[in-house]
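Student: I have not looked at this structure before. Please show it, and then I will ask about its parts.

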Amino acid sequence: MNIAGTLVRAAQANAARPAVSHGNGVVLDYGELAEQVGRLAGAMRGSLGLERGDRVALVMTNCVAYLEVLYACWHAGLAAVPVNARLHPREFAYILEDSGARLVVASEDLVAAVGEAVSALSPEPRVLVAGSDEYRSRAHGDPVALAEVGPGDLAWLFYTSGTTGRPKGAMLTHRNMYSMTMNYLADVDVIDPAGCMIHAAPMSHGSGLYALPHVARGANNVIPESGGFNVDEALALIRTWPGCSFFLAPTMVTRLVNSDALATADLTNLKTIVYGGAPMYLADTLRALEVIGNRFVQIYGQGEAPMTISVLPKRLFEDRGHPRWHERLASAGIARTDVEVRIVDEDGEALGPGEVGEITCRGDVVMAGYWNNPGATAAALRDGWLWTGDVGAMDSEGFLTLKDRSKDMIISGGTNIYPREIEEVLLTHAAVFECAVIGRPHADWGEEVVAFVVPVPGEAVTADELDRLCLESIARFKRPRAYRFVEGLAKNNYGKILKTVLRDRLAGEDGNRPAP
Ligand code: AMP
């Protein structure tokens, strides 16, 4: 049941097909990738002294070696810990210590940061620099056979983005990895072996996970030379490679849509953009469809249930004539084929269509629990159901609409207010580029609504205009009582707005509260 078996089989059937490319050129075909992986796995279990089940951290920006290391871990019966490359060395240290990683594979650009992180640990894990002489010589040793692993064995320790606290390691098993691979093929998109996935988003997260179905199908994995998302580079790669797919965060989609270069770009080769991981507002989705065409799939999932709990496939984006097309586009789609979704109240009682509660789900997609954290595991996994911490509702046709993270919900005067609803309204103003709505403590109401607004560069927008706009579309009590106009919003590497930073900023403001 080893997920690396998909690579072994892909190499048997497609040895000469491109497996990993860098920029415009193929670097490894499937035969070569499988061979490298077998040899590196041999080094891990041999000279590097790792034992079955040991954790190997990947602190790497997207690079060719990413897939070699990932599959070598699995091939050798080890667990991979892909770490967000943009974290601070102190955060690297936390994840390395928490996971107990014995080996860290670092990309060259992160050697100093990794060095700083490991020096804080005792014992220090060993560091191997991807692409270094040592790496190359180790990848030339004797290959080992694919390790036998059980479906419940740990494959990927996925550290949550920690927007609300310390990151927790979601334990993803080989079964989870197979389930994710199968559900991409069943519900997300068709993969043509002649096509490719362009890894412009971090491979420690969605893009890396979606390499798996592409490897299983023997398709190409293209690593941009920049190792990240850059609009001009992405457009150039689309010109080069036929049948391209991307996994992007909504903020990346919006950057692509708003770029001047798009007007003259040739998108013939662009097959699919899968987006998810954070809300994409209706106004942005409509604009994206207009300028990029029907190439989108939306997914909703989390590290604890990767990649996807529900999906809005292309055919539903296409269904323009449907009377609730807009509502459907604003939703997170329908539950995937092998995932059960239930909206529940605080006691776990199932709620009816349209009723708002916590989103729970069940199926092979759900993690085994949090690493070394039985308390958090017991809170998240109850009677076989994953409590996602997301608040939402499901309509009678099975469309799931996300309201917000339960921790982001604002309770004012005893009533629940979902920031996303207000954000959707503010974004319909032509001069609003981005916004984020949060609650701040209020003596009488418990909390009151505050909006952070980033105006479109060169355009002006006032609090009065936005207030009028809100009064036209939502209940009075939901409208923001204060606005903060800012130049940008802090985001993490995965494009999620860090509302904690905004809350801290408000907490730091002294006696600066406008009258309600
Ligand atoms: P992560 O575990 O870092 O992938 O974050 C998962 C969280 O991102 C979910 O629990 C949701 O709060 C949010 N999220 C994921 N997909 C979507 C989506 N399609 N729409 C809105 N929020 C999403």
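Student: In which sense do strand β12 and β13 pair?

Tutor: This is a predicted model, in which local features need pLDDT of at least 70, side-chain atom pairs count only at pLDDT 80 or more, and totals for chains, interfaces and linings use all residues. Residues are numbered from 1 along each chain as its sequence is written, and side-chain values use heavy atoms, with hydrogens and water left out. Helices (H or I, at least four residues) and strands (E, at least two) are DSSP runs, numbered from the N terminus, and two strands pair if DSSP finds at least two bridges between them. Between β12 (residues 270–276) and β13 there are four bridges, and the sense is parallel.

Student: Which residue of β13 is the bridge partner of Val-274?

Tutor: The chain goes from β12 through helix α12 (residues 282–292) to β13 in a right-handed β-α-β crossover; right-handed means that, with the strands pointing away from the viewer, the path from the first strand over the helix to the second runs clockwise. In β13, the partner of Val-274 is Val-297.

Student: Why is strand β13 largely enclosed by the rest of the structure?

Tutor: Buried means under 20% relative accessible area, exposed over 50%, and partly exposed in between (1.4 Å probe, protein chains only). Strand β13 covers residues 296–302, and it is largely enclosed because the number of its seven residues that are buried is six.

Student: Which residue in β14 is the bridge partner of Gln-298?

Tutor: A hairpin of two residues joins β13 to β14. Strand β14 (residues 305–312) pairs with β13 in the antiparallel sense over four bridges. The partner of Gln-298 in β14 is Leu-312.

Student: Which strands stand at the edges of the sheet?

Tutor: The open sheet has nine strands in the order β2-β1-β10-β9-β11-β12-β13-β14-β15, with mixed pairing. Each edge strand has a single partner, so one side of each is left without a neighbour in the sheet; the two are β2 (25–29) and β15 (334–335).
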